[in-house]
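Keep the viewer open and follow ring by ring.

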Amino acid sequence: MAVSASLKKRLRSYGPWAIVTGASSGIGREIAERLAEAGLNLVLVGRNEKALDEARASLEAYDAGIQVLYADLSQRKEVEKVIQQVEGLDIGLYVASAGFGTSGEFVKSSLEDELNMLEVNCTALFILTHHFAKLFQERGKGGIILLSSIVGFQGAPYAAHYAATKAYVQSLGEALAVELGSAGVKVLTAAPGPVNTGFGDRAKMQMGQALKPADVGLPILKALGRKNTVLPGFLSKFLVGSLSMLPRWGKVRVMKLVMGGMTKHQRSAA
Ligand SMILES: NC(=O)c1ccc[n+]([C@@H]2O[C@H](COP(=O)([O-])OP(=O)(O)OC[C@H]3O[C@@H](n4cnc5c(N)ncnc54)[C@H](OP(=O)(O)O)[C@@H]3O)[C@@H](O)[C@H]2O)c1
């Protein structure tokens with residue numbers, strides 16, 4: 001799907017540079033590519049150096065300046081280093097796609113892995129959002145895109161902590177969209193359903209039906225400045241829509257069935 005001339009213009013109006021975390025893979029990489037197509041210069045942030053170098057090489061086909069920052073966002077010092085390293089760049093758009101999930105029985109989860117996820121999905125996202133929100137507010141313009149998830153709208157048994165990190169992102173984004181909107185800063189929270197990326201393997205979730213990153217990247221960018229929350233692609237709309245009539249406790253019960261199915265292989269292997 002190509003970026004239209006009007007969307008290119010709209011995206012460039014935020015500023016000449018965009019920073020994308022999680023740009024080495026999946027949804028972040030897709031969004032980075034669409035932004036390069038729109039003519040923005042990019043700072044690509046990720047941990048996997050080889051994948052990030054490959055992303056940079058593929059984006060060189062576009063007429064965009066590309067900077068690559070290798071950073072493990074679970075480490076506070078490395079998050080702060082990212083902020084220092086982009087200081088001289090005129091960044092107008094921040095996309096927070098770095099994140100990962102865990103799944104399985106809560107009591108069997110590894111404390112270390114769960115805390116690592118909290119650092120990446122919440123703490124690093126918070127520090128960077130705080131930095132760019134302040135910068136953009138002072139400037140009177142800017143765009144922020146935060147990746148939450150449809151699991152962030154209610155509790156999700158067998159992915160309880162991952163869903164809780166995404167509820168944090170969803171809540172933060174919704175509030176900032178209103179708080180910063182009047183200062184010219186557009187904040188969008190994007191809540192995809194299952195997307196076929198590196199996410200499923202790392203989270204040990206067996207996803208049945210899933211979209212491709214290309215199905216969600218452009219809908220997310222189109223929604224920036226138009227909505228506060230987007231459900232990108234038909235699958236997220238369908239899944240959220242089909243739960244909409246249920247009370248919150250009922251949604252949690254359905255999520256138990258869904259996540260239970262996606263993590264069944266873990267219990268049968270144990
Ligand atoms: N795929 C789905 O079904 C789905 C659904 C809803 C929401 N989401 C959310 O969408 C976002 C993007 O996920 P994805 O589907 O594109 O998965 P992905 O292909 O696994 O990409 C995740 C990205 O996050 C980065 N990342 C993870 N841990 C990191 C760390 N410690 N430091 C720096 N970067 C780190 C990865 O970089 P490295 O590989 O370089 O470490 C990678 O670029 C995530 O926030 C995820 O929670 C995904």
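**Aromatic ring pairs**

Ring pairs join Tyr94, Phe132 and Phe136 into a cluster. The model is predicted, so local features need pLDDT of at least 70 and side-chain atom pairs count only at pLDDT 80 or more, while totals for chains, interfaces and linings use all residues. Residues are numbered from 1 along each chain as its sequence is written, and side-chain values use heavy atoms, with hydrogens and water left out.

Rings of Phe, Tyr and Trp (its six-membered ring) pair if their centres lie within 6.5 Å; planes under 30 degrees apart count as stacked, over 60 as edge-to-face and the rest as tilted. By this rule there are three aromatic pairs. Take Phe132 and Phe136: their ring centres are 5.8 Å apart and their planes stand at 35°, so this pair is tilted. Both sit in helix α5 (residues 111-139), four residues apart, which means about one helical turn separates them. Helices here are DSSP runs (H or I, at least four residues), numbered from the N terminus. Phe132 and Phe136 are both buried, where buried means under 20% relative accessible area, exposed over 50% and partly exposed in between (1.4 Å probe, protein chains only).

Now move to Tyr162 and Phe199. Their ring centres lie 5.2 Å apart with planes at 50°, so this pair is tilted. The pair links distant parts of the chain: Tyr162 belongs to helix α6 (residues 160-181), Phe199 to helix α7 (residues 199-203), 37 residues apart. Tyr162 is buried, at 7% relative accessible area. Phe199 is partly exposed, at 21%.

Terms used
Helix = DSSP H or I, 4+ residues; strand = E, 2+ residues; numbered from the N terminus.
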